[in-house]
Amino acid sequence: MQILVCLKQILDPEVPPRDFQIDRGRRAAIQGSANLVTNIFCENALETALQLRERSEGEISALSIGPASAEDVLRKAIALKVDHACLVEQEVAGSGSHSAITARLLAAAIRKLGTFDLILLGREAGDWGAGQTGGLLAEELGLPFVGFVDHIEAADGGVVLRRQTDTGWEKVRAELPLVATITNSEENVPRIPKTRDIMKSHRKPLTTWKPSDLGLSEEDVSSAADALEVVDLYIPEKTGECEFIQGESIEEKANAFAARIAAVVQRAGV
Amino acid sequence: MILAAANNAAGNAADATRQVLWNISHAWVMYALLVPTMLIFGRGVYRQVKKWRAGRPVQRFDRPGERIKRVVRHVLLQQATLRDRFAGAYHFLLFWGMITLTIATTVVLIHHDLGLPVMQGRFYLYFQSLFVDCLGLLAMVGVAMLAVRRWIVRPKKLVPTRESTGLLVLLFVILGTGFLLEGWRIAATNDPWGRWSPVGSIVAAGSLAVANVETLKSAHLFTWWFHLLIVFGLIAWAPYTKLLHVLTAPLNIYTANLDAGGGTLKTIDFDNAPSFGINSLEQFTWKDLLDLDACTECGRCTSVCPANTVGKQLSPRDLILDMQHLLDRSDLASVSGPADADDDYEPAFPVIGSTAALSPEALWQCTSCAACVEACPVSIEQLPKIIDLRRFEVMENAKFPQTLQDAVGSLEERGHPFKGTQFSRVDWAQALHTQGFDVPTIGDVQDPEVLLWAGCGGALVERNQKSTQALAQLLSKAGVKYAILGREETCTGDPARRIGNEFLFETLAQQNIETFRTNNIRTVVTSCPHCFNTFRNEYPRLGGEFEVMHHTTFLAKLIGEGRLTINAEATEKITFHDPCYLGRHNGITEPPRELLQRSARAPLIEMAQHGQQSFCCGGGGGMSFVDEAPDQRVNQERARQALATDAETVAVGCPFCTTMLEDGINAVKGDREMAVKDIAEIIWESVSGGVDSG
């Protein structure tokens, strides 16, 4: 089975709240002192692929779109022994916020890389949390799509996917090829690479392309760009007010308290 | 008077001696028997020496002066052994008794076989007769105490084995028959100098009361050969038993690691090492292998192990003994040269998981407190071996507890082990700023006197920010020209190293050393003993040479120089918890006590286990990142020890100890109130004297 896993490098979601800054004009987060890490759901996707390869024959390719620093996430994937790795080097517009452009670029890169049975992505990225890229990529490639998958088993030339829903799990039998987004579960906790493999990962080959190598016309990109626009970006301000309810007796206080809650709720339009 | 009378009756004391091999014919049989005895003995010793030599090289014969001092202290004076009073006492008696008896036998050899007449005159009377007899008796007392401990007291740390029973019986028989032989000889020969051997003369008198001289002569003849066979038998058997420690213990003590306890972990040559970390016996150094054979099964390491104390699986003694048994079964010499560094490493004599004591679960219970190393009377280094094995699990197998993986992952991504912390490295300083107190960052200060190293524990854990703030305010109050690195600070690598990721440790260390170099930092003050230990003992090897002081040492210095004045003594009763990485690993136990004595009214209260024998808070070695079973928490055990005193406050000097003890005390205190404070907080209260900072 030929598996392709898309990996996204994001700003460390664990940056302490007081350190998190945005550029409202550019409608983008500012890196500041934060580190760049592999998106956790992408790591779950890679882990799912590695387990699948252990259970049945196959190869794994890792693909990332992002600035030159995104090489790190691919090196880490190489240390975890993916068979091929490819970086489409691009300062992504809006720091990776544009799922439609990303999906179009990914689709072009995937077509150029070869044919794959299974294309896995994280269910969403820890920076924008849009969760759009997987579905859009399936659309671009004209493939079926299953979202929120936490387990995949090869079966009769196809696969059985287990997906999380609000009420439990669904098992889906599907023909290949297909696109799936992966969510976390107890089973796909990302493994860590062996030290020797980390050291060796820097000597392994890595394919690097520019978007212009993907054979897309300007119109292809701009039509994707038109599909979505970030209108505004801001950090919600948390404010607090403290008010003491007055009253002689406990009943009086309780009544005043209830009335106050009702007023606040009404004002908030709930 | 009696002796003097005996002298007169026997003639001149200068002529005193005895006939060797009286009553013995065919003495050549003894010499003939000696040959196989020594061959079997030699084979036993050589077999082990060959195994040790299969280990990797390490320099342990430098600094002979210090090493000889160590041997005097721990072999001749038995200082470490004597810490356990009862066991130490009988071992001391047996040790010096057996040495004296061996010397006496050597005197006979020189006198009789080499024909140098040394065994005569006053030397014969004072040493060979009186002194040797007394020491022999004391050795008998030692054997009796040993028997009482093994068979009646039966401490939990002793594991009864047939071998130890056998050795005990043999020692008793050898000493007992020795006295019988002496007594019967005195009786049968009517030895005029017999009274110089008090035990012998009592045996002689007693024997003559029940038997005649001829009977005693026959009994002597038979017993002499029996005694000889038993002695030769014991000599031949010794190297195959734990009695081998008679040779290995002094050698092991001589070749001990002389570095501070906190600087004993090995470095790894990442370009050439066949494996990162160790999972096969031949990967250990010869000293590690010698360690295994030096173990006397005394169990002191396990009895002081905090993990073992709270009922966990880890037992340093069993870990060493299981490896010793593995060594016994393994032919280390059969291993061919080092494997190609690019191949997947296959251990020839796998260690990890081979027994329960060597299971990964046990390895991941160690707090790296080194109480085991400190307690060992024969200088065995359990901790570096545990870390060697952990390294293999982490770097070669990439298998270790998830919470530790999270800590390591966070170190890799963010340069600190506190995954999920809501704080940045400068929040504590910014909070002070809002109160009108500025903490200078390195760029703001020209040529600072000291760098204040907050450490991850001091900056990123809310509770400890108060301690760090107190320390900064103290430095400012004392007029110290200091600065912090702020966001440039990154973990020293201590948790990475203790968890076993040596590669990450080196990366972080080199990064810090570079930062220090760029900022021209010469002196560092830190409140974290883990950072302190790593700077002091582990950075020099990587090229990081600078002075580092624990804040308690530095504050004691500031008070000593009059730069800080205690305005209001603390009124509460205080006990001090020694952080392992300050006390045991670096021998610093006095400065914090000095500080507390100066700043508190009541005398300092000591817990039963304190100073270098302190009991770990449970947070070292990465263990503060591990969820312990609710009924097996080391911090709660230490909290109980603190609560057993009548102190109202536990003073600490470590951010990890602070949080571990606070959690522990809150869990087990019941109605009792007990505060946990960093010494910096206590001193700041005393110095600011209730006056607000500024």
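A polar contact is a pair of N or O atoms within 3.5 Å; within protein, one of the two must be able to donate a hydrogen and the other to accept it, and residues adjacent in sequence count only if both atoms are side-chain atoms. By this criterion, 9 residue pairs, both members at pLDDT 80 or more, are in polar contact between chain B and chain A. The model is predicted.

The interface between the two chains was examined next. On the side of chain B, 26 residues are in contact with 21 residues of chain A. The size of an interface is often given as the accessible area lost when the parts come together. Chain B and chain A bury about 2100 Å² between them, and 45% of this area lies on carbon and sulfur atoms. The count of salt bridges between chain B and chain A is 6. In a salt bridge between the chains, the side chain of Arg196(A) meets that of Glu396(B), with an N to O distance of 2.8 Å. Helix H16 (382–396) and helix H17 (402–414) of chain B each supply at least two residues of the side of chain B that touches chain A. The largest share of that side, 4 residues, comes from H17(B). Sorted by class, the side of chain B that touches chain A has 10 nonpolar, 9 polar and 7 charged residues.

Chain A contains an open sheet of 9 strands with mixed pairing, in the order S11-S10-S9-S12-S8-S1-S6-S7-S13. Its edge strands are S11 (168–174) and S13 (207–209) of chain A, each of which pairs on one side only. Neighbouring strands of this sheet are turned by 30 degrees against each other on average, direction ignored.

Within the sheet of chain A, strand S9 (residues 145–155) and strand S10 (residues 158–165) run antiparallel and are joined by 6 bridges. Ala154(A) has Val159(A) in S10(A) as its bridge partner. The hairpin of S9(A) and S10(A) has 2 residues between the strands, and in this hairpin Asp156(A) takes a positive phi near 50 degrees. S9(A) also runs parallel to S12(A), to which 3 bridges join it. In that pairing, Phe145(A) stands opposite Val179(A) of S12(A).

Two helices of chain A lie across strands of this chain. Helix H3 (residues 99–113) of chain A lies across strands S1 (2–6), S6 (59–66), S7 (84–89), S8 (118–122) and S13, and runs at about 140 degrees to S6(A). Helix H4 (residues 133–141) of chain A lies across S1, S8, S9 and S12 (178–182), running at about 155 degrees to S8(A).

In chain B, 4 strands form an open sheet in the order S2-S1-S3-S4, and the pairing is parallel. Strands S2 (482–484) and S4 (547–550) of chain B are the edge strands, each pairing on one side only. The twist from one strand to the next averages 30 degrees. Strand S1 (residues 450–453) and strand S3 (residues 523–526) of chain B pair in the parallel sense over 3 bridges. Trp453(B) stands opposite Thr526(B) of S3(B). Helix H24 (residues 551–560) of chain B lies across S1, S3 and S4 of chain B, and its direction is at about 85 degrees to S4(B).

Notes: Residues are numbered from 1 along each chain as its sequence is written. Chains are lettered from A and ligands numbered from 1 in the order in which they are written. This is a predicted model: local features need pLDDT of at least 70, side-chain atom pairs count only at pLDDT 80 or more; totals for chains, interfaces and linings use all residues. Side-chain values use heavy atoms; hydrogens and water are left out. Two strands pair if DSSP finds at least two bridges between them. Axes are lines fitted to C-alpha atoms, for helices over the stretch in contact, and angles run from 0 to 180 degrees between N-to-C directions. Contact means heavy atoms within 4.5 Å. Buried area is the accessible area (1.4 Å probe) that two parts lose on being put together, summed over both. A salt bridge is a side-chain nitrogen of Lys or Arg within 4 Å of a carboxyl oxygen of Asp or Glu. Ala, Val, Leu, Ile, Met, Phe, Trp, Tyr, Cys and Pro count as nonpolar, Asp, Glu, Lys and Arg as charged, and the others, Gly among them, as polar.
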